[in-house]
Amino acid sequence: MRLITQIAFLILTAVFFVSAQELKLEILNGHSGSGVLAVAVSNDGKFALTGSTDQTALLWDLETGKQLRRFFGYHEDAVSCVQFSKDGQFVLTASYDSTA
């Protein structure tokens, strides 16, 4: 069961970069909980937002694979939903603690 959880965590934190010449798999390491529960990609495809059982949301640059920002201290339970605004200027997170 632990192996399945680890594999699921790697799959959920992986971002695929597709171009005309190559397929690249990037493992994004940043969350410390037992898994990522939510992933959103910005409308322009440049950023990803992940939510985790560690009560944080992370903003990622999809071109470089680097973590840009860590959102923490807003929730007392796992971040279960993440979303970008239509214009990409804001992010929304929701949690199992019934806060958004």
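In this predicted model, four strands form an open sheet in the order β3-β4-β5-β6, and their pairing is antiparallel. The edge positions belong to β3 and β6 (67-71); each has a single partner strand, so one side of each is left without a neighbour in the sheet. On average, and with direction ignored, neighbouring strands of this sheet are turned by 20° against each other. As a general point, strands of a sheet pair through backbone hydrogen bonds, either parallel or antiparallel.

**Strand pairs**

Strand β5 (residues 57-61) is joined to β6 in the antiparallel sense over 4 bridges, with A57 standing opposite F71 in β6.

**Surroundings of H31**

H31 lies in the loop between β2 (23-27) and β3 (36-41). Its relative accessibility is 11%, under the 20% limit, and H31 therefore counts as buried. The side chain of H31 takes part in polar contacts with the side chains of T50 and D54, as listed below.

| Side chain | Partner side chain | Polar contact distance |
|---|---|---|
| H31 | T50 | 2.7 Å |
| H31 | D54 | 3.2 Å |

Terms used: Residues are numbered from 1 along each chain as its sequence is written. This is a predicted model: local features need pLDDT of at least 70, side-chain atom pairs count only at pLDDT 80 or more; totals for chains, interfaces and linings use all residues. Side-chain values use heavy atoms; hydrogens and water are left out. Helices (H or I, at least four residues) and strands (E, at least two) are DSSP runs, numbered from the N terminus. Buried means under 20% relative accessible area, exposed over 50%, partly exposed in between (1.4 Å probe, protein chains only). A polar contact is a pair of N or O atoms within 3.5 Å; within protein, one must be able to donate a hydrogen and the other to accept it, and residues adjacent in sequence count only if both atoms are side-chain atoms. Two strands pair if DSSP finds at least two bridges between them. Axes are lines fitted to C-alpha atoms, for helices over the stretch in contact, and angles run from 0 to 180 degrees between N-to-C directions.
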